[in-house]
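This report examines how the parts of one protein chain are held against one another.

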Amino acid sequence: MKKEFIALSVIAAILVFSIVNAHYVRSRAANFSDEIRAAQQLCAGGEDKRAAKSVSDSLDGWLEWRKYAHIMLRHSEVDGVTEAYYDLLAELQSSDGETAPAAFGKVEQKLHNIADMEQMSIGSIL
């Protein structure tokens, strides 16, 4: 009976940590998405330099959090977000006032995909 209790305790701990991790990843991804949307609004208002600074600051935050993300998430997804950030930043810095909304959307979609991947489902449990 002691072994069964230990096994159930370990399974319960894994479940709790998985739920906490999923919530944390979703929260961080939402924060980064909010920052990208704010930069997009700046860009739409003609403030490309401020938008580039905002994206750069968000990228710095992403790179800092990436250490955690590389441990807990798929490397290809984390690298995809990083590439999308750099693509957006390059477009903002080299544009003549015409940054495509799709460049912002690409970063947001990649962040959304990461958050969705961490959601628990019956398929991920089985």
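A residue is called buried when its relative accessible area is under 20%, exposed when that value is over 50%, and partly exposed in between. The model discussed here is a predicted one.

**Salt bridges**

By the computed criteria, the structure holds 7 salt bridges. One of them joins the side chains of Arg 37 and Glu 108, with an N to O distance of 2.6 Å. Because Arg 37 belongs to helix H1 (residues 2–44) and Glu 108 to helix H4 (residues 101–117), this pair ties together parts that are 71 residues apart in sequence. The two partners are placed as follows: Arg 37 is partly exposed, at a relative accessible area of 36%, whereas Glu 108 is buried, at 17%.

A salt bridge is also formed by the side chains of Asp 87 and Lys 106, at 3.0 Å from N to O. Here Asp 87 lies in helix H3 (residues 75–94) and Lys 106 in helix H4, so the pair ties together parts that are 19 residues apart in sequence. Asp 87 counts as partly exposed, with 43% relative accessibility, and Lys 106 likewise counts as partly exposed, with 38%.

The side chains of Glu 64 and Lys 67 meet in another salt bridge, with 3.7 Å between N and O. Both residues lie in helix H2 (residues 48–72), and because they are 3 residues apart, about one helical turn separates them. In an α-helix, residues three or four places apart point the same way, because there are 3.6 residues a turn. Glu 64 is exposed, with a relative accessible area of 53%, and Lys 67 is exposed, with 56%.

| Salt bridge | Distance, N to O |
|---|---|
| Arg 37 and Glu 108 | 2.6 Å |
| Asp 87 and Lys 106 | 3.0 Å |
| Glu 64 and Lys 67 | 3.7 Å |

In soluble globular proteins, nonpolar side chains tend to be buried together. In this model the largest nonpolar core has 28 residues, and the members that touch the most others are Val 55, Trp 62, Tyr 85, Leu 88, Leu 92, Phe 104 and Leu 111. Each of H1, H2, H3 and H4 supplies at least two residues of this core.

Leu 88 shows what such a position looks like in detail. When residues up to four places away in sequence are not counted, Leu 88 touches Ile 36, Val 55, Thr 99, Ala 103, Phe 104 and Val 107.

**Helix H3**

Which residues of H3 are buried? They are Val 78, Gly 80, Val 81, Thr 82, Ala 84, Tyr 85, Leu 88, Leu 89 and Leu 92. These buried residues of H3 pack against H1, H2 and H4. As for its length, H3 has 20 residues and should span 28 Å at 1.5 Å a residue; the end C-alpha atoms are 28 Å apart, which agrees.

Tyr 86 is also placed in helix H3, but this residue is partly exposed, with a relative accessible area of 43%. Leaving aside neighbours within four places in sequence, Tyr 86 is in contact with Leu 59 and Leu 63. The C-alpha atoms of Tyr 86 and Leu 59 are separated by 8.0 Å, and these residues are 27 residues apart along the chain.

Phe 5, Ile 6, Val 10 and Ile 14 make a nonpolar surface patch of about 410 Å². Within this group, Val 10 is found in helix H1 and counts as partly exposed, at 45% relative accessibility.

Ala 30 is another residue of helix H1, and at 36% relative accessibility Ala 30 counts as partly exposed. Ala 30 and Ala 115 are 85 residues apart in sequence, while their C-alpha atoms are 8.3 Å apart in space.

Note on methods. Residues numbered from 1 in each chain as written. Predicted model: local features only at pLDDT ≥ 70, side-chain atom pairs only at ≥ 80, totals over all residues. Heavy atoms only, no water. Salt bridge = Lys/Arg side-chain N within 4 Å of Asp/Glu carboxyl O. Helix = DSSP H or I, 4+ residues; strand = E, 2+ residues; numbered from the N terminus. Buried < 20%, exposed > 50% of the residue type's maximum accessible area, 1.4 Å probe, protein only. Core = buried A, V, L, I, M, F, W, Y, C linked by side-chain atoms within 4.5 Å. Contact = heavy atoms within 4.5 Å. Patch = residues over 30% accessible without salt bridge, like charges linked within 9 Å, V, L, I, M, F, W, Y side chains within 5 Å. Areas by Shrake-Rupley, 256 points an atom, 1.4 Å probe, with all protein chains shown as cover. Expected span 1.5 Å × (residues − 1).
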